[in-house]
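Dear colleague,

Here is the structure I said I would pass on to you.

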Amino acid sequence: MVILTSLFKEIAVFLVLAYLFSKTPIFKLLQTNDFKFKNYLVLYVFFSSMAVIGTYLGESIEGVIVNNRIIAVMIAGLIGGPVLGLAVGITAGIHRYFLGGFNALPIAISAIVEGLFAGLVNQYFSKRRKHERVFDPDIAFATTLISEILQMAIIIAITRPIQESISLIKLIIVPMVISNSLGTALIMSLFKDQRLNYDKIGSTYSKQALRIAKRILGELSKGLNNNSAERIANILLEETSVGAVAITDRENILAFVGIGKDHHNPGSPIASDITKVSISENRIMFLDGKDECYQCPISEDCLLSSVLVVPMRIKDEVIGTIKLYGKKNKYFFKINEALGKGIAEIVGNQLLAARYEYQKNLLTRAELNLIQAQIKPHFLFNTINTIIAINRRNPEKAIELLIHLSNFFRKILKRNEDISTIKEELEHVNSYLEIEKVRLQNHLKINFDVDENLMDIKIPTFSFQPLVENAIKHGISNLLEKGELDIRIFRKDGCIQIDIEDNAGTFVENKDNPGLGVNIVDKRIKNLAGSEYGVKINCDSDIKTVATILLPAGGVA
Amino acid sequence: MNLNAIIIDDEYNAREEMEFLLKQTECINVLEKCSNAVEGIKAINSLHPDVIFLDIQLPGINGFNLLSMIDVSVLPRVVFVTAYDEYALEAFENDAIDYLLKPVDKLRLEKTIDKIKNSILQNSNQKINLMPLTKIPSVGANKVKLIDVNCIEYVHSDETGVFIICADKKYFTVITLKVFESRTKLFRCHKQYLINPDKIDEIIFDENSAGKIKTTSQHLIPISRHYLKELKEELGI
């Protein structure tokens, strides 16, 4: 009992020392895992001193110094690996040896062996990329327990006469094993807490994060493109201590700034697998540059060795990544991970907001367009004029046309439904075509080839008519001979395809005037069904123009 | 006073209706109804009407463009007819005697006819702002093709019509040489030839005639004495 009390006193002293140590800048070295020779030296001096102090603090009981020296050796080995463990073990052992005593040699040897053993435990975890585990109190406890039993074995093996060593061991085994194991575990637990604290200092970085957030806001109002990506990357590079920053979309590098920008070119496709994994698995990827190194896939001489890849998400859809790179031999702070995550989230939210805003605008524009483009005054007045002319010769035909005109406008004025069925769309287009047929004086032949099973498929309202109108206005009406319009609706490759084909082949892409007609239809479908759907126009010059609507197999939601 | 008119509108029924209304006025004689700009230009050049009723929205070449393709000396009085006043037609008031909205009101049309008659009686000129020509219409197999002026090497006329010669192709057009001369950078080097100065490769002078122009794609164009001086001035030689 006396022994145990004494040992615990000693542990208390160690804990105080360890606590003080954890407050010094030296502890930061543990934080960084950055073990250069100089750092090793500092740790060696510290732990060796601790071991020597341990020896002196020990209580001499029946010629044996019962002490907690070994705690310092264990921690040195666990934290610093075999070399440090061995070095501290040798120092502590030699020191103990020269203090004399009948068991000086076995104890000195066991100090060395135990230091090495703890170091090997460190190596075991490092190799398995679980370096963090050495800070676990239970690992520390178990390691010390085994070491102490090892020590007892060494003492028995070396000390003669054997009876004496056995009686000694009987006396000290329980207090030594318990106190040392417990002590190592306690100090490790303290270190671990301090390390966590250190990471939590990240919260003091929240100011920095806020500043970054503030700078990023507004950069994304027009979405993520090469320009906004580059500005954001520059902000991140300026505000953080990382070596380089990259921003990618799902396929390409949008921006790269910092070290290595000479060979990481914006616009080129994503080269590193880690980024591809991050995108495909929607996962944060981290290569810390120590246990796992980032190897630049483009240049072997690239100075970057650590990387954090954070996927940017809009809702659950990964739209790209933010990549923070660390330079070789520079510890990549874990704090950057939290920061990277935060930034990715801000970017995601901003993009969501921008997309929402865009959709809202699109909707307003679409609505305006529907009013202006669907109720085309030209169309209305020309049709009325046509009806007046026809009425003079053929009042019956004039009445028929008036009915078609009524149907056409009734549908447009009943604009409260965003989604229609293909059948409704066809009826609408049909009214339109009946009028156009009369206006174009049999200049127009229309062929329908429609899969009747698809009549109930849902499609954004007014998807057909702008395409048909385009085919007539910009296609067939330019023809001096008969125009032919083919409307085909069918299933293909698990999608629904709608072709509107004219035989003029006079389609010209109008880059100055996007957002009208076809463009609106395309965007509405993409917004509702996804970017793989929408409208495509293929023009075989002077032969035909085909506008193709691609819809999901089940139509739009 | 009876007036000769041409109606230009791409829609059959609209032409019929306009003709019907004009006949009712009993002072308009409809010479021709045209469904596109090319037909219109052709008819104006050959029939010399007093007035044209011109729809603005025509396929390919609109009404405004059509006017810039007519030689001023044969340019008739112009009445724009359109379904919808999206062009703010007041802005073109100087360019036309009047403008009418479809469907056309009989009483409104009578006012227009009065205006035309007054204009002719007073012999007042229309001040039409004619735009320079950048695209030249050519009638192809089944549609009107528009040819960029910059592609033209030279233009040539003979008894069969006017032809545009580009590096690789020859097109027929209804635009007269006079119009080319006044609205494009092409200039005359011969009674029947206009040359694009940007396409001159070489000028060859010989003793017998005034000379020849070799174009960038090696076409040879005659120069006549009559235009030699002007040509030299134009080219600064």
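I will start with a pair of helices in chain A: α4(A) and α7(A) lie oblique to each other, because their axes cross at roughly 125°, and they come within 11 Å. Please keep in mind throughout that this is a predicted model. The crossing of α4(A) over α7(A), the latter spanning residues 137-158, is right-handed. On the α4(A) side the residues that take part are A:Ile70, A:Met74 and A:Leu78, and they meet A:Ala140, A:Thr143, A:Thr144 and A:Ser147 in α7(A). Sorted by class, this contact has four nonpolar and three polar residues, with no charged residues.

From α4(A), the residues A:Arg69, A:Ala72, A:Val73, A:Ala76, A:Gly77 and A:Gly80 make the contact, and their partners in α5(A) include A:Val83, A:Leu84, A:Gly85 and A:Arg96. By class, this contact consists of seven nonpolar, four polar and two charged residues.

For chain A as a whole, there are 17 helices and 14 strands, and buried residues make up 43% of its 557 residues. Of the contacts in chain A with a separation of 6 or more, 68% are between residues 24 or more positions apart.

Turning to the nonpolar cores, the largest has 99 residues, and those that touch the most other members are A:Val468, B:Ala5, B:Ile41, B:Ile52, B:Phe53, B:Leu54 and B:Val79. Helix α15 of chain A, residues 422-439, gives this core its largest share, namely six residues. Leaving aside residues up to four places away in sequence, A:Val468 touches A:Val429, A:Tyr432, A:Leu433 and A:Ile500. There is also a second, separate core of 52 residues, and among its members are A:Ala76, A:Leu116, A:Phe125 and A:Val134.

Where the two chains touch, 17 residues of chain B are in contact with 18 residues of chain A. The chain B side of this contact has seven nonpolar, four polar and six charged residues.

Within chain B, helix α2(B), residues 37-47, has as its buried residues B:Ala37, B:Val38, B:Gly40, B:Ile41, B:Ala43 and B:Ile44. These buried residues pack against several elements of chain B, including the strands β1 (3-8), β2 (28-34) and β3 (51-55) and the helix α3 (63-67). Just after α2(B) comes B:His48, which takes a positive phi of about 45°.

Finally, B:Leu228 sits in helix α6 of chain B, residues 225-235. Is it buried, partly exposed or exposed? B:Leu228 counts as partly exposed, because it has 16 C-beta neighbours inside 10 Å. Not counting residues up to four places away in sequence, B:Leu228 touches B:Ala210 and B:Ile223, and from B:Ala210 it is 18 residues away in sequence but 6.9 Å away in space, C-alpha to C-alpha.

With best wishes

Terms used: Residues numbered from 1 in each chain as written. Chains lettered and ligands numbered in written order. Predicted model: local features only at pLDDT ≥ 70, side-chain atom pairs only at ≥ 80, totals over all residues. Contact = placed C-beta atoms within 7 Å. Helix = DSSP H or I, 4+ residues; strand = E, 2+ residues; numbered from the N terminus. Nonpolar A, V, L, I, M, F, W, Y, C, P; charged D, E, K, R; others polar. Buried ≥ 20, exposed ≤ 12 C-beta atoms within 10 Å, placed from the backbone. Core = buried A, V, L, I, M, F, W, Y, C linked by C-beta atoms within 7 Å. Axes fitted to C-alpha atoms, helices over the stretch in contact; angles between N-to-C directions. Parallel < 35°, antiparallel > 145°, perpendicular 65-115°, else oblique. Left-handed = near helix turned anticlockwise from the far one by under 90°.
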